[in-house]
Amino acid sequence: MYRYLMIVLGLAASAAMLPADAVAAGKQGDAAPPSCVTLSGQHKAARAGGEGMVIADEGTYLRLDFGRYCDAMMRSSSIVIATDGRENVVCSQGSVVSNRTGRCAVQKMQAIDEAEYRRHARRRN
């Protein structure tokens, strides 16, 4: 009888935790999807220090921050920006800048104005 009671109590405790898990899952699902920008094949990119880059594309100007030094960006002038395997798509979450030897995850994406893009693009970082 004692063993049966322990099993029932264990199942009741597990069932009591299910609603909390369901609420947490619902909150994740309700989060706004990350904002993304599809770049044309004609976009221009420039380093913004060792931890970021700026992009100009048909009147849209973006700054990407990696949150750390991005070795992949510094070693090559030929880089690929991709999100979930889709090239030339950059998002505030899940995007990667890569070359043949390395990659850096985008930690933050923000819109900037043309003047800020030009300031960074003129510098030789």
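The following questions and answers concern a predicted model of a protein.

Reader: Which residue stands opposite Ala105 in strand 9?

Author: Strand 9 runs antiparallel to strand 8, which comprises residues 95-98. Three bridges join strand 8 to strand 9. The residue that stands opposite Ala105 is Val96.

Reader: Is Ser95 buried or exposed?

Author: Ser95 is found in strand 8. Not counting residues up to four places away in sequence, Ser95 touches Ala82, Thr83, Val89, Val90, Cys104, Ala105 and Val106. Its relative accessibility is 1%, and buried means under 20%. Ser95 therefore counts as buried.

Reader: The side chain of Ser95 has a polar atom 2.6 Å from a backbone nitrogen; which residue does that nitrogen belong to?

Author: A polar contact requires a pair of N or O atoms within 3.5 Å. The separation here is 2.6 Å, between a polar atom of the Ser95 side chain and a backbone nitrogen. That nitrogen belongs to Cys91.

Reader: What distance separates the C-alpha atoms of Ser95 and Asp84?

Author: Asp84 lies in the loop between strand 5 (80-83) and strand 6, whereas Ser95 is found in strand 8. The two residues are eleven residues apart along the chain. Their C-alpha atoms are separated by 7.3 Å.

Reader: Is Asp84 buried or exposed?

Author: Asp84 has a phi near 50°, a positive value in a residue other than glycine. Its relative accessible area is 69%, and a residue over 50% counts as exposed. Asp84 is therefore exposed.

Reader: What is the relative accessible area of Asn88?

Author: Asn88 is placed in the loop between strand 6 and strand 7 (89-91). It has a positive phi of about 65° although it is not a glycine. Asn88 is partly exposed, with a relative accessible area of 24%.

Reader: Which residue's backbone nitrogen does the side chain of Asp113 reach?

Author: Asp113 is in the loop between strand 10 (108-111) and helix 3 (114-122). With a relative accessible area of 45%, Asp113 is partly exposed. Its side chain reaches, at 2.8 Å, the backbone nitrogen of Glu116.

Reader: How far apart in space are Asp113 and Arg63, C-alpha to C-alpha?

Author: In sequence, Asp113 and Arg63 are 50 residues apart. In space, C-alpha to C-alpha, the distance is 9.6 Å.

Reader: Is Asp65 buried or exposed?

Author: Asp65 lies in strand 4 (residues 60-65). Leaving aside neighbours within four places in sequence, Asp65 is in contact with residues including Glu51, Gly52 and Ala105. Its relative accessible area is 16%, and the cut-off for buried is under 20%. Asp65 is therefore buried.

Reader: What percentage of the residues in the protein is buried?

Author: The protein exposes about 8600 Å², of which carbon and sulfur atoms supply 53%. The protein has 125 residues. Of these, buried residues make up 29%.

Terms used:
Residues numbered from 1 in each chain as written. Predicted model: local features only at pLDDT ≥ 70, side-chain atom pairs only at ≥ 80, totals over all residues. Heavy atoms only, no water. Pairing = 2+ DSSP bridges. Helix = DSSP H or I, 4+ residues; strand = E, 2+ residues; numbered from the N terminus. Buried < 20%, exposed > 50% of the residue type's maximum accessible area, 1.4 Å probe, protein only. Polar contact = N/O pair within 3.5 Å; in protein donor to acceptor, adjacent residues only side chain to side chain. Contact = heavy atoms within 4.5 Å. Areas by Shrake-Rupley, 256 points an atom, 1.4 Å probe, with all protein chains shown as cover.
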